[in-house]
Amino acid sequence: MFLVTGGGSGIGRALAHALAMRDKKVLIIGRREPALIETAAFSPLISYLCSDVSTPEGREQIVNHLARFNCIEGLVHNAGVIEPIAPVATIDESSWQQVIETNLNAPLFLSQMLLGKLQQGRVLHMGSGVAYFPVKGWAGYCVSKAALSMLTRCWQLESENVAFASVMPGIINTDMQEIIRKAQGMDEKKLNFFKVLYKEGRLLSTDTVALFLCWLLLDLDKDTYVSKEWDIYDKSHHPHWLVEPHQVPDWE
């Protein structure tokens with residue numbers, strides 16, 4: 001079984017569908033039950049649990065739900081939030097804690113709690129290019145993704161029986177992009193960049209990203225899986241998984 005957080009929409013939904021098409025059982029986690037039901041209706045191989053991974057209670061609920069399973073083949077930490085999009089000087093502590101709890105603490109502590117069931121399995125963190133450069137108004141997101149990148153490396157250093165990796169899935173046509181396009185307080189040039197991508201149809205589709213993630217989770221050997229932080233825009237691996245009609249925009 002694969003566990004996918006944030007499975008109600010976007011990448012999580014597309015990945016659940018793609019894994020099911022590869023005959024894998026999938027448990028999707030999320031906070032919005034109607035969205036989870038819609039995702040799970042795609043295949044009898046997909047089940048769901050309505051739970052908030054950003055809270056200790058939500059993570060405990062997940063562990064209890066999985067008590068009858070002896071092993072988990074993979075855990076994909078897809079749940080993430082970008083808000084608040086605001087200047088650093090104005091972010092309130094509650095909002096800051098929420099983005100850290102969701103983007104960083106949930107991956108850390110849920111993986112800890114499920115290590116016993118993940119033996120010889122794989123964990124995948126959803127990284128971002130903004131882990132390596134700042135974006136005005138995105139302090140919480142940038143900081144949490146930078147920390148998540150280092151967390152991946154720490155797990156790799158210390159974990160012998162569970163394979164940890166991080167992936168930068170690109171700029172994707174999801175609800176998060178819609179939030180970005182409506183944001184206040186961003187650099188105007190950067191905001192226009194995202195608006196142009198959307199207008200010109202240059203955002204990645206969630207189905208293309210899901211195809212890439214399935215290749216990472218199912219088709220790579222362990223040593224290759226943990227060998228780098230994977231970037232969907234890196235052309236070197238495209239021949240191994242990118243098939244028509246799927247496309248990855250050329251940024252060169």
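**Helix packing, selected residues and cysteines**

In the predicted model, the axes of H1 and H8 come within 8 Å and cross at roughly 55°. That angle makes H1 oblique to H8. The crossing in which H1 passes H8 is right-handed. On the H1 side, the residues that meet H8 are Gly-10, Ile-11, Ala-14, Leu-15, Ala-18 and Leu-19. Their counterparts in H8 are Thr-206, Asp-207, Val-209, Ala-210, Leu-213, Cys-214, Leu-217 and Leu-218. Sorted by class, the contact of H1 with H8 comprises eleven nonpolar residues, two polar residues and one charged residue.

Thr-206 belongs to helix H8, which spans residues 206–219. Its relative accessibility is 18%, and Thr-206 therefore counts as buried, the cut-off for this class being under 20%.

Helix H1 covers residues 10–21 and helix H2 residues 33–40, and the two pack at an angle of about 25° with their axes 10 Å apart. Because angles under 35 degrees count as roughly parallel, H1 and H2 are roughly parallel to each other. H1 passes H2 in a right-handed crossing. Arg-13, Ala-16 and His-17 of H1 make the contact with Ala-35, Glu-38 and Thr-39 of H2. This contact of H1 with H2 has two nonpolar, two polar and two charged residues.

Two further positions were examined, one in a loop and one in a helix. Gly-80 lies in the loop between strand S4 (74–77) and helix H4 (93–114). With a relative accessible area of 31%, Gly-80 is partly exposed. Apart from neighbours within four places in sequence, Gly-80 is in contact with Thr-102, Asn-103 and Met-176. Gly-80 and Thr-102 are separated by 22 residues in sequence, and their C-alpha atoms are 5.9 Å apart.

Lys-145 is located in helix H5, residues 139–158. The side of the accessibility scale on which Lys-145 falls is clear from its relative accessible area of 5%: Lys-145 is buried. Leaving out neighbours within four places in sequence, the contacts of Lys-145 are Met-126, Gly-127, Ser-128 and Ala-131. Between Lys-145 and Leu-36, which are 109 residues apart along the chain, the C-alpha separation is 25 Å.

The cysteines were also considered. A disulfide is a covalent bond between the sulfur atoms of two cysteines. The structure holds zero disulfides. For Cys-71, the closest cysteine sulfur is that of Cys-214, and the distance of 18 Å is too far for a bond, since a disulfide requires sulfur atoms within 2.5 Å. Cys-154 is likewise in no disulfide, the nearest cysteine sulfur being that of Cys-142, 20 Å away. The relative accessible area of Cys-71 is 51%, and this residue is exposed. Cys-154, at 34% relative accessibility, counts as partly exposed.

Methods: Residues are numbered from 1 along each chain as its sequence is written. This is a predicted model: local features need pLDDT of at least 70, side-chain atom pairs count only at pLDDT 80 or more; totals for chains, interfaces and linings use all residues. Side-chain values use heavy atoms; hydrogens and water are left out. Buried means under 20% relative accessible area, exposed over 50%, partly exposed in between (1.4 Å probe, protein chains only). Axes are lines fitted to C-alpha atoms, for helices over the stretch in contact, and angles run from 0 to 180 degrees between N-to-C directions. Helices (H or I, at least four residues) and strands (E, at least two) are DSSP runs, numbered from the N terminus. Angles under 35 degrees count as roughly parallel, over 145 as roughly antiparallel, 65 to 115 as roughly perpendicular and the rest as oblique. A crossing is left-handed if the near helix is turned anticlockwise from the far one by less than a right angle, and right-handed if clockwise. Contact means heavy atoms within 4.5 Å. Ala, Val, Leu, Ile, Met, Phe, Trp, Tyr, Cys and Pro count as nonpolar, Asp, Glu, Lys and Arg as charged, and the others, Gly among them, as polar.
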